[in-house]
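Subject: Structure handover

Hi,

Please load the file first, then read the notes below.

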Amino acid sequence: PKTTLDQVISLAKRRGFVFQAGEIYGGSRSAWDYGPLGVELKDNIKTQWWNTFVRGREDMVGLDSSIILPTPVWNASGHVATFTDPLVECTSCHRRHRQDHLIEGFEKKKGRAPEGGPDGMDEIVCPDCGTRGAWTEPQNFSGLMKTFLGPVDNEEGLHYLRPETAQGIFVNFLNVVNASRRKPPFGIGQIGKAFRNEITPGNFIFRTREFEQMEIEYFTHPEAAKEHFETWVEACWEWFTDLGINPENMRRFDVPDGERAHYSEATIDLEYKFGFAGAEWGELMGIANRTDFDLNSHTEGSGTKMQYFDQNSAERYTPYVIEPSFGLTRSMMAFLVDAYREEEAPNAKGGTDVRTVLGLDPRLAPVKAAVLPLSRKEELVPTAKRLADELRGVWNIDYDDAGAIGRRYRRQDEIGTPFCITVDFDSLEDQAVTIRERDSMSQERVPLQKVRGWLFERLAK
Ligand code: ATP
């Protein structure tokens, strides 16, 4: 039987949320394209995030830094030296996997570590061919994506595509402090692409080589770091649940010593129940206490003191950094999976059938309303088109006049459109339309002139 995840992936393709990159050439597991609905959904997630965490807070500002930064940035940050992962190859099918992911998967499934210590691979079965314990010794490989700038492909031209947006924020710390006259505690938020040479991309858009992040670096006095860390974990949790994620499908994972990134003193991952075949849960985002690691590293690397001088207390210090790091594309996947449902619904013949609904929060829904003339008869079309055009100035609006009205409702339910507006023959008499709400399927008669205001009340949150 198809899992929810399978259904979501097939819906995503069929309706134009996500396509495989380069599909006509055989496609790629490591990159995906966002179709007409996907780009809207992704943009709505970004807007919600930016409004909540950047515009909505007096202690936050935004930034948009480069993807390719001077190479010394990545030397100082530790990425060139330590952004490596242990790679093992199955000696039976010769597929490669990240050793830490295999061990993590085993632990999640069995509830215990594999025998033979933390690196014990004897019990671990190859996800591709099912052979057990047939692994080569681990080898480290770099997750950094390389490119060459300038005319010659040599060391001099070697540059890295950023594996996280964070470093662009750190190197601009003083610029932002001076230009916007900020003092800790304050944060800088950024949304943008990041690139990692993942050895096992897959699980749809969960792990890709090119992806988008939404990151916050929150600068605080070292003594207040712990408290801010806890507050941020809750703020992130709330952002997802407020936008409709079922809290039962989310959990916190306190990443233990030895498993955290080189810069982190404490990390809590928010995990989501994606429902993968091997392990059900996957990391959705992480909140880390990066201490003063990055600002110190860049002070050392650049010779510029990345510190803050507090004039009130006459104290000079290097702020600690709390980093909530969201995957935008991973969040989109969680929103899709969480919103997907199939349910019995009454049909036109007085019976019931199964309808598919994406119960997306209206703030995230890619299409806010669909205008549907009851029939293609000439007299209804101009009124319906005029209404659609009027609303288009404000929202992403669909217009659909093909097929039975019931089927058109179902098409909108399936992509999460919160409101369907039907123009019928009475509309010509009473200058009113029927608006149907997606979840309750309740209908309300609304005067044409009031449709915009009616929607505004329900969509502008
Ligand atoms: P993983 O253990 O899954 O590789 P990570 O712990 O290395 O992830 P971070 O470095 O903490 O991930 O990155 C922060 C966030 O960026 C992740 O929680 C995730 O949402 C997103 N992210 C990281 N790598 C990818 C990827 N390859 N594809 C899509 N999103 C990613």
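How many bridges pair strand S17 with strand S18, and in which sense, parallel or antiparallel? The pairing is antiparallel and runs over 7 bridges, between S17 (residues 340-346) and S18 (residues 352-358). Two strands count as paired if DSSP finds at least two bridges between them. Strands are DSSP runs of E with at least two residues, helices are runs of H or I with at least four, and both are numbered from the N terminus.

Ground rules. This is a predicted model, so to speak of local features pLDDT must be at least 70, side-chain atom pairs count only at pLDDT 80 or more, and totals for chains, interfaces and linings use all residues. Residues are numbered from 1 along each chain as its sequence is written, and side-chain values use heavy atoms, with hydrogens and water left out.

Overall picture
The protein has 461 residues, and 50% of them count as buried. Buried means under 20% relative accessible area, exposed means over 50%, and partly exposed lies in between (1.4 Å probe, protein chains only). There are 14 helices and 23 strands. Along the principal axes, the C-alpha atoms fill a box of roughly 75 × 65 × 50 Å.

Hairpin and sheets
Back to S17 and S18. They form a hairpin, with 5 residues between them. Gly350 sits in the turn and has a positive phi of about 85 degrees. Glu343 stands opposite Arg355 in S18.

Axes here are lines fitted to C-alpha atoms (for helices, over the stretch in contact), and angles run from 0 to 180 degrees between N-to-C directions. Lys273 has Trp281 in S13 as its bridge partner.

Another open sheet has 3 strands, in the order S5-S4-S6, with antiparallel pairing. S5 (96-98) and S6 (139-142) each have a single partner strand, so one side of each is left without a neighbour in the sheet. Here the twist averages 45 degrees from one strand to the next. S4 (residues 84-89) is joined to S5 by 3 bridges. Leu87 has Arg98 in S5 as its bridge partner.

Second largest pocket
Its volume is about 330 Å³. A pocket is an open set of points on a 1 Å grid over the protein atoms alone, where a 1.4 Å probe fits, with protein on both sides within 12 Å along at least five of seven lines; lining residues have an atom within 4 Å of a point. Grid points are joined across faces, edges and corners, and the volume is the space filled by probe spheres set on them. The lining has 14 residues, and Pro346, Asn347, Ala348, Gly406 and Arg410 are the closest to the centre. Helix H12 (residues 405-415) gives the largest share, 5 residues. By class, the lining has 6 nonpolar, 3 polar and 5 charged residues. Nonpolar covers Ala, Val, Leu, Ile, Met, Phe, Trp, Tyr, Cys and Pro; charged covers Asp, Glu, Lys and Arg; the others, Gly among them, are polar.

Cysteines
The whole structure has 0 disulfides, a disulfide being a pair of cysteine sulfur atoms within 2.5 Å. Cys129 is partly exposed at 35% relative accessible area, whereas Cys236 is buried at 0%.

Best wishes
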